[in-house]
Structures are given as C-alpha cells and as structure tokens.
Amino acid sequence: MNLEARPGMLLLALGACLLGCATTSPSPEAQRVIPVSGVPGPLCQNLGTVIGEAEVSGRGSTPETPDELASRAAADAMERAAHRGATHIFFSPVTLRQTGGAVSGATLTGAAFRCPPGS
C-alpha cells in the first residue's frame, strides 16, 4: 500500500538529510547537490530521473520513523544525482510503503539537473 506523505514531510526529510541525520554520511559530491522547489531555468541540463529508496533497517530498538526513512531516501537520490554530475535536484513527494500495517520503506523520485555556476 502506498501513502503520499504530508507536504511538510518532504521539507523535513530534506532538512534532516542536509544536516547529516541519515544513517550514512553523504559523499561530498552529494552534499553539493541543491534541492530546489521547482524545475531550474533553461540554462540547466536535465540529467534524467533518479530514484532514492530506503527500507526499514531493523537495527536498534527504536523503529525508524517515516521522516527518517524519507531522509534516507532523499540522501540516496542525492547520491545518485551526484554520480550523474548534477548540481540540483527537484523532488516529487515521497511515497511510503507499508507492510502489515507498519511503514516498511520510502521512495523518493527526483529530476537531476546540471546548472552553470550562478544560475
């Protein structure tokens, strides 16, 4: 079962990702990818779709929250965008998956863009 997340959850997840709250530290390249709230201007090259995913890890005594899963999915998408040479990423809303009534994973789709400096 897929659930669309609250609009604020995406912003919270991106903020957490940028603050380094993901389980693994993002690479320096991924840290330079800038999340944007709309498609960048005409000087930017569309590098295609990237998909970030996170599954419940089962580690630790505290279950992961939907916000933590969304943050890890955002970090994964930003890593994939960075590998393509992206400077910016435009995210679609996060999709949460459920198994047995509990959140089991998150998927975040984004469009990766390479923009010239200063754009």
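1. A disulfide is a pair of cysteine sulfur atoms within 2.5 Å. By this rule, the structure has one disulfide. Cys-44 is joined to Cys-115, with an S to S distance of 2.0 Å. The link of Cys-44 and Cys-115 is right-handed, with 115° about the S-S bond.

2. What does the pair tie together? Cys-44 sits in the loop between strand S2 (34-36) and S3, and Cys-115 in the segment after S6, so the pair ties together parts that are 71 residues apart in sequence. Helices (H or I, at least four residues) and strands (E, at least two) are DSSP runs, numbered from the N terminus.

3. This is a predicted model: local features need pLDDT of at least 70, side-chain atom pairs count only at pLDDT 80 or more, and totals for chains, interfaces and linings use all residues. Residues are numbered from 1 along each chain as its sequence is written, and side-chain values use heavy atoms, with hydrogens and water left out.

4. Are the two cysteines buried or exposed? Cys-44 is buried at 15% relative accessibility. Cys-115 is buried too, at 7%. Buried means under 20% relative accessible area, exposed over 50%, partly exposed in between (1.4 Å probe, protein chains only).
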